[in-house]
Amino acid sequence: APYTAAGMDVKKIAHKWCTDYYQQHQTNRQVLKQVYKPDSKLTVTNDDFVGPDAIVEKFEQWPKDSVFQVVSFDAHQNMPNGILAFVMGKLVFDNGANEQRFAHVFQFIAESEAAFYIQNEIFQFINFG
């Protein structure tokens with residue numbers, strides 16, 4: 001039977017997962033290939049990327065000094081073995097001279113209590129308001 005996320009502290013797990021994810025994004029993006037499967041999908045501002053190589057290649061195009069500052073975070077269980085997380089924050093780059101607000105959605109799938117991968121992900125820069 002597939003693993004179920006029932007009974008897990010979903011918000012705590014998702015918050016730690018996102019914190020670790022953003023840390024890796026800032027230090028070694030190639031490591032992020034481990035958190036995607038061949039059918040994992042990322043959408044960034046209407047462009048789709050499928051699979052670990054395409055997804056990480058997209059992120060490698062972003063400034064190397066990008067720092068994620070999380071302003072708002074929430075998560076809940078999604079499907080028996082999934083977690084849906086929503087993050088809002090700022091992406092700071094150019095040694096702090098520039099920043100861009102963003103919204104980021106993750107759908108994590110649990111393979112075990114400690115093993116998750118990203119099935120679906122949407123990243124959107126917020127250019128209004």
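Reader: Why is T43 called buried?

Author: The relative accessible area of T43 is 19%, and buried means under 20%, so T43 counts as buried. The model is a predicted one. T43 sits in strand β1, residues 36-44.

Reader: What makes the link between the side chains of T43 and D48 a polar contact?

Author: The distance joining the two side chains is 2.7 Å, and the cut-off for the N or O pair is within 3.5 Å. D48 is also among the residues in contact with T43 once neighbours within four places in sequence are left aside; the others are E121, I122 and F123.

Reader: How do you know that K11 and D74 form a salt bridge?

Author: Their closest N and O atoms are 3.0 Å apart, and the limit is within 4 Å. K11 belongs to helix α1 (residues 10-27) and D74 to strand β3, so this pair ties together parts 63 residues apart in sequence.

Reader: What makes the pair D53 and K33 a salt bridge?

Author: The N to O distance between these side chains is 3.2 Å, against a limit of 4 Å. The pair links distant parts of the chain, D53 in helix α2 (residues 52-60) and K33 in the loop between α1 and β1, 20 residues apart. D53 is exposed at 52% relative accessibility, whereas K33 is partly exposed at 28%. The structure holds seven salt bridges.

Reader: How do you know that β3 and β4 pair?

Author: Pairing needs at least two bridges, and strand β3 (residues 67-78) and strand β4 (residues 82-93) have 11, in the antiparallel sense. H76, for instance, has L84 in β4 as its bridge partner. The two strands form a hairpin with three residues between them, and M79 in the turn has a positive phi of about 65°.

Note on methods:
Residues are numbered from 1 along each chain as its sequence is written. This is a predicted model: local features need pLDDT of at least 70, side-chain atom pairs count only at pLDDT 80 or more; totals for chains, interfaces and linings use all residues. Side-chain values use heavy atoms; hydrogens and water are left out. Helices (H or I, at least four residues) and strands (E, at least two) are DSSP runs, numbered from the N terminus. Buried means under 20% relative accessible area, exposed over 50%, partly exposed in between (1.4 Å probe, protein chains only). Contact means heavy atoms within 4.5 Å. A polar contact is a pair of N or O atoms within 3.5 Å; within protein, one must be able to donate a hydrogen and the other to accept it, and residues adjacent in sequence count only if both atoms are side-chain atoms.
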